[in-house]
Amino acid sequence: MSRTVAAVSSNGTYSFTKPNRESITLIAGIGVEGDVHAGATVKHRFRMRKDPSQPNLRQVHLIHAELFDEVREAGFEVAAGELGENVTTQGIDLLGLPTGTLLRLGGEAVVEVTGLRNPCAQIDGFQRGLMKQVVGRDAEGGVRFKSGIMSVVVSGGVVRAGDPIRVQLPDGPHRPLEIV
């Protein structure tokens, strides 16, 4: 299976879901143009209350479309953008990427993976019981968050559904993803 962008989404106001767009424009050091979470400093409401001057490590949220297939098997219907992501991917094990991985989206845009998205209670507000589906356990019994990864924009550019994604792993040793 090829690695592709399945959908792109953004929203200029605080809302859990983000409508799909024909394209989004990524801006280096800022995020998705016009998105409520764009900015050099943190834009997540909870994190802003703690320290609004901290760097924004959550400029672009990515989710793998395969998660939607997984939750569908448990009786939930979720579509691209509905969990608040900006980029829905296909054919990439996002959760298995190490911190610092570069993802080349389309012809110009590059994002650097900063960590895992911490699933929040709004997921259950969207669909009751869904939170339990996006938080699981790994083979050793540890908690595994499946609600996507976060990144920062290294190089800007326009991203569209159907664009190829190229993965560039960082030089080793690889650091596993942690919540950002």
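I started at G75, which comes after helix α2 and has a positive phi, near 100 degrees. A reminder to myself: this is a predicted model.

Next I looked back at α2 itself. Which residues of helix α2 are buried? In the stretch 66–73, I noted L67, F68 and V71. Looking down the axis of α2, I found that these buried residues fall within an arc of 100 degrees, so they line one face of the helix. I then checked what lies over them: the cover includes strands β5 (60–64) and β6 (87–90), together with helix α4 (130–134).

Then I turned to S10. I found S10 in the loop that links β1 (4–9) to β2 (20–21). Is S10 buried or exposed? Its relative accessibility is 9%, which is under the 20% cut-off, so S10 counts as buried. I also listed its contacts, leaving out neighbours within four places in sequence: S10 touches K18, P19, R21, I24, V32, D35 and N86.

My last stop was a sheet. I traced an open sheet of three strands in the order β4-β3-β12, and the pairing is antiparallel. Why does one side of β4 and of β12 lack a neighbour in the sheet? Both β4 (31–32) and β12 (157–160) stand at the edges with a single partner strand each, so one side of each is left without a neighbour there. For a closer look I followed β3, residues 23–27, which is joined to β4 by two bridges, the two strands running antiparallel. Here I saw I27 standing opposite G31 of β4.

Methods: Residues are numbered from 1 along each chain as its sequence is written. This is a predicted model: local features need pLDDT of at least 70, side-chain atom pairs count only at pLDDT 80 or more; totals for chains, interfaces and linings use all residues. Side-chain values use heavy atoms; hydrogens and water are left out. Helices (H or I, at least four residues) and strands (E, at least two) are DSSP runs, numbered from the N terminus. Buried means under 20% relative accessible area, exposed over 50%, partly exposed in between (1.4 Å probe, protein chains only). Contact means heavy atoms within 4.5 Å. The arc is that of the directions from the helix axis to the C-beta atoms. Two strands pair if DSSP finds at least two bridges between them.
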